[in-house]
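Keep it brisk and give the cut-offs.

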Amino acid sequence: MSDSTVDVLIRGGRVVDGTGNPWRHADVVISGDRIGDVAPPGSVPEASAAEVVDAAGLVVCPGFIDILSHSIVPLMIDPRCLSKVTQGVTTEIMGEGTTPAPVGGPVTDPLPTSRLTRNIPEWRERARGWKRFGDWLAAMEEHGTTPNIASFLGGGTLRQLVKGMEMGEATVAEMGRMREIMAEAMDDGAVGVSCALIYPPESYVSTRELIEVAKVVAGRGGIYITHIRSESSHLLEGIEEAIQVGHEAGLPVEIYHLKASGQPNWPLMAQAIERIQSARDDGQDVAADVYPYTASGTGLTSVLPPWVAAGGALYDNLGDAAVRARIRDEVLGGRGNWDQTADPRRPESIMPVGLQLPEHRAFNGRRLAEIATERDQDWLDTAMDLLQAERHRIDTIYFTMSEDNLVEEIRQPWVSFGTDAGGMDPEWAASLGPMHPRAYGTYPRILGTYVRERRALGLEEAVRKMSSAVAARMGWSDRGLLRAGCHADVVAFDPLTIADHATFEEPHQLSTGVRDVWINGRRVLEEGRHTGATPGRVL
């Protein structure tokens, strides 16, 4: 390396290189879009650098890679991805269950109406032309993004392209078409397939169908990532299915947001961890990710059995008295083989946050039990009435998890971290109403609460889980590490002050403590302020 190649010299920081090794004092050199060197302190002359950054008192580490991002629509609204970049996130991996491409057959509107997509009518029209998975990625690259982006092909999108919202096994011809679409998506840059098996139409998919699709992914070096079929009473069966898919298809398996949902199911977590570890001990590549909160976020539709959405008739079915009677029997009677996101005995654990109709907005951020009392109904009728009137899934928060389980999950060496959220800016996102605070606080919460305060995890191990662990999972040998030749995705944060501020009551608050961020060698956060740069690439 010649002196003239030093664009940025970051001096005086505690370097945590992403490997899990102990921190050390070192200077980090950025040359173009790469790490030029990680050098002994003072060994690179300041005069040789175009810019010198004083990182005294800061940790300097690789950028964080969000393995579970929902920034598909937020990046169309705002390419800066502010709530993520201010956490230190430099790469967003998207595609849980659905993707906006490819479009065709029954999929004619890849950006269904929601409180986010109402702000981007021009993108909805544009997305209708994305016939290939790569068309979307190319559009985002042209649009420009601050973070790097990557994506799985959504398994729900794949299924819907071929079989719509119909239940039942795919035919031989339909299975062949799914394999063709999957192969094309991998050739276009998908990192694998993502299946969210509690949501229709993926909840209609058999294990055999999953294996056949996963074989295509395996042949092209991708991974199978899954929101397993149950995170509650059938948690262990859900994990077994994921392990089976990986074993029979011959590819790595990643389990999204590992959790045991509902107090009666909390004891299952110890067995779940033991089962994943056992598979690993037997030589199978199985891992998981978590977010550091004891509440999950999904649609209010998750309180209903999946068959209600068959044929795309969810909201019409809710107007049928006979259908409602069957729903009541299954939900309150515990009948039906499906994953109940909410405990029907605890409607106070359910908090809708995505109501859009003027007459319902005052209910946002209030518990479903309280809303039902105000409406003089039971909670299930209230849920069905709201869904039928709103005609969208209604973003909802479920308070169903154990803090003790969360700490045990965080400590597992094969667990990494993801937000399960998109990148927001309070300037425009606050008008959307309440949402899960993980969009703003995930990584600083790990570093502030679980590393600094509770000492549940060491600093170096936390950084490894946020960076190189995910990069290695994706097969990116030149990301996630501070090492000469790697891409210069770099974060400098204050380990004594880094903190999340977003709460369930006041979610639209940026985290603090991340001072500087570089992506592909360009500064995107300087002294905690976004520079407006959009150097992100499709990975």
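## Basis

This is a predicted model, in which local features need pLDDT of at least 70, side-chain atom pairs count only at pLDDT 80 or more, and totals for chains, interfaces and linings use all residues. Residues are numbered from 1 along each chain as its sequence is written, and side-chain values use heavy atoms, with hydrogens and water left out.

## The antiparallel sheet

Three strands form an open sheet in the order β14-β16-β15, and the pairing is antiparallel. Strands here are DSSP runs of E with at least two residues, numbered from the N terminus. Two of them pair if DSSP finds at least two bridges between them. The edges are β14 (295–299) and β15 (350–352), each pairing on one side only. On average, neighbouring strands of this sheet are turned by 25 degrees against each other, direction ignored.

Five bridges join β14 to β16 in the antiparallel sense. Gly297 has Ile397 in β16 as its bridge partner. β14 is mostly covered, with four of its five residues buried. Buried means under 20% relative accessible area, exposed means over 50%, and partly exposed lies in between (1.4 Å probe, protein chains only).

The whole structure holds five aromatic pairs. Rings of Phe, Tyr and Trp (its six-membered ring) pair if their centres lie within 6.5 Å; planes under 30 degrees apart count as stacked, over 60 as edge-to-face and the rest as tilted. Tyr293 and Phe504 make an edge-to-face pair, at 6.3 Å centre to centre with 80 degrees between the planes. This pair links distant parts of the chain, 211 residues apart. Tyr293 sits in the loop between β13 (286–290) and β14, and Phe504 in the loop between β18 (490–493) and β19 (514–519). Tyr293 is buried, at 5% relative accessible area. Phe504 is buried as well, at 18%.

Phe504 also pairs edge-to-face with Phe399, at 4.9 Å centre to centre and 65 degrees between the planes. Phe399 lies in strand β16 and Phe504 in the loop between β18 and β19, so this pair ties together parts that are 105 residues apart in sequence. Both Phe399 and Phe504 are buried.

## The parallel sheet

Another open sheet has three strands in the order β6-β7-β8, with parallel pairing. β6 (64–66) and β8 (148–151) stand at the edges with a single partner strand each, so one side of each has no neighbour in the sheet. Neighbouring strands are turned by 20 degrees against each other on average, direction ignored.

Four bridges pair β7 (residues 89–94) with β8 in the parallel sense. Ile93 stands opposite Ala150 in β8.

## The second largest pocket

This pocket holds about 380 Å³ of space. A pocket is an open set of points on a 1 Å grid over the protein atoms alone, where a 1.4 Å probe fits, with protein on both sides within 12 Å along at least five of seven lines; lining residues have an atom within 4 Å of a point. The volume is the space filled by probe spheres set on the points, which are joined across faces, edges and corners.

The pocket is lined by 18 residues, and those closest to its centre are Ser203, Arg229, Asn337, Trp338 and Asp339. The lining divides into eight nonpolar, six polar and four charged residues. Ala, Val, Leu, Ile, Met, Phe, Trp, Tyr, Cys and Pro count as nonpolar, Asp, Glu, Lys and Arg as charged, and the others, Gly among them, as polar.

Definitions and conventions: Axes are lines fitted to C-alpha atoms, for helices over the stretch in contact, and angles run from 0 to 180 degrees between N-to-C directions.
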